[in-house]
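Good morning, colleagues. Please look at the sequence and the model on the screen, and I shall then take you through several parts in turn.

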Amino acid sequence: MNWLRRPASITQVTHQQRLWLYVFVAITMIFLILPTLIVIPMSFSGTSDLEFPPRDFSFRWYESYFSSTDWMNATLTSFKVAILTTIAATGIGTAAAYGTWAGSARWRSLLLAVFTLPMAVPIIIVAVGSLFVFARLGLVNTTLGLTTVHTALALPIVFIVVTAGLASYDANQEQAARSLGATRLRAFMTVTLPQIKASVLSATLFSFFTSFDEVVVAMFISNGSAATLNRRMFNALRDQVDPTIAAISTCLISVTILLIILSQAFKAPTVR
């Protein structure tokens, strides 16, 4: 137990003094991870009911998911909308964050408030307003309509994350490139962007998950063949408890973990 008396940081606070914090973090992690640890075994159950622990092992619900045309169409729709949202939100949000960072300081607070405003609006209000507007424009049950709303929801996250990356970046490096004849765009692409790519990559993941996990707006403006995976899962849970939902959830968890691992792999190695 000597490690408890060792300093945990440069402040000379020992591990023993931080023991309450370790316990609190452990309890929080268990609380967050426990639902996942329950859902995954349930997806391999051979019975027609959700039960934990499962009495027998089977892949029948994965077969039900991958062999269903309706589930596959909904999955394809979700991925298509999420990818389009990621491209649009990352591009617009990064450009907005850079423009705000490089622009006049007196307008910076105002622009920050404008771009983060969608986060202050309840999602149900966004959904109802989108339905009202898109019904007039003919964008209900379309990929364009859903992508537009999801992009608006993801933009504040991208803006905040990229702005945080730019706050720790030395602007003199870009100015040096421009003084040597590079245009602002070339200086940004060759000097600034490589320096903040970790923030941009994080913003990309956040925008993808914002779209892929969204269900409230999808309940209002997507239906039938244009329904997303989350909307169809919600309807399935409302009508009948189907273990296929557990199999789909396990697949989504696997995709999330894979994307996080890939994001870490693409980060630049630390220079020692």
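Predicted model: local features only at pLDDT ≥ 70, side-chain atom pairs only at ≥ 80, totals over all residues.

Which backbone oxygen lies 2.9 Å from a polar atom of the side chain of Thr250? The answer is the backbone oxygen of Ala246. Thr250 belongs to helix H12, which covers residues 244-265. Is Thr250 buried or exposed? With a relative accessible area of 9%, Thr250 is buried, because buried means under 20%. Setting aside neighbours within four places in sequence, the residues in contact with Thr250 are Val39, Ile40, Ser43 and Tyr62.

Let me now step back to the protein as a whole. Of the 272 residues in the protein, 36% are buried. The protein exposes about 16300 Å², and carbon and sulfur atoms supply 68% of that area. If we take contacts between residues at least 6 apart in sequence, 63% of them join residues at least 24 apart.

I return to helix H12 and to its packing with H9. In general, two packed helices are described by the angle between their axes and the distance between the axes. For H9 and H12, the angle is about 170° and the axes are 10 Å apart. H9 is therefore roughly antiparallel to H12, since angles over 145 degrees count as such. Which residues meet here? From H9 come Leu201, Leu205, Phe208, Phe209 and Phe212, and from H12 come Leu252, Thr256, Leu259 and Ser263.

In one of them, the ring centres of Phe79 and Phe212 are 4.8 Å apart and the planes stand at 55°, so the pair is tilted. Where do the two partners lie? Phe79 is in helix H3 (residues 69-102) and Phe212 is in helix H9 (residues 197-212), so the pair ties together parts that are 133 residues apart in sequence. Their accessibility can be stated as well: Phe79 is partly exposed, at a relative accessible area of 26%, whereas Phe212 counts as buried at 7%. Ring pairs also link Phe79, Phe208, Phe209 and Phe212 into a cluster.

A further helix pair is H4 (residues 108-116) with H6 (residues 143-167). The axes of H4 and H6 come within 8 Å and cross at roughly 140°, and the two helices are therefore oblique to each other. On the H4 side we find Leu111, Leu112, Phe115 and Thr116, which meet Pro156, Phe159 and Ile160 in H6.

My last item is Arg184, a residue of helix H8 (residues 184-195). How far is Arg184 from Glu174 in space, C-alpha to C-alpha? The distance is 8.2 Å, and the two are ten residues apart in sequence. Glu174 is also among the residues that Arg184 touches, not counting those up to four places away in sequence; the others named are Tyr98, Ala102 and Arg178. At 37% relative accessibility, Arg184 counts as partly exposed.

Thank you for your attention.

Note on methods:
Residues numbered from 1 in each chain as written. Heavy atoms only, no water. Phe/Tyr/Trp six-rings, centres within 6.5 Å; stacked < 30°, edge-to-face > 60°. Helix = DSSP H or I, 4+ residues; strand = E, 2+ residues; numbered from the N terminus. Buried < 20%, exposed > 50% of the residue type's maximum accessible area, 1.4 Å probe, protein only. Contact = heavy atoms within 4.5 Å. Areas by Shrake-Rupley, 256 points an atom, 1.4 Å probe, with all protein chains shown as cover. Polar contact = N/O pair within 3.5 Å; in protein donor to acceptor, adjacent residues only side chain to side chain. Axes fitted to C-alpha atoms, helices over the stretch in contact; angles between N-to-C directions. Parallel < 35°, antiparallel > 145°, perpendicular 65-115°, else oblique.
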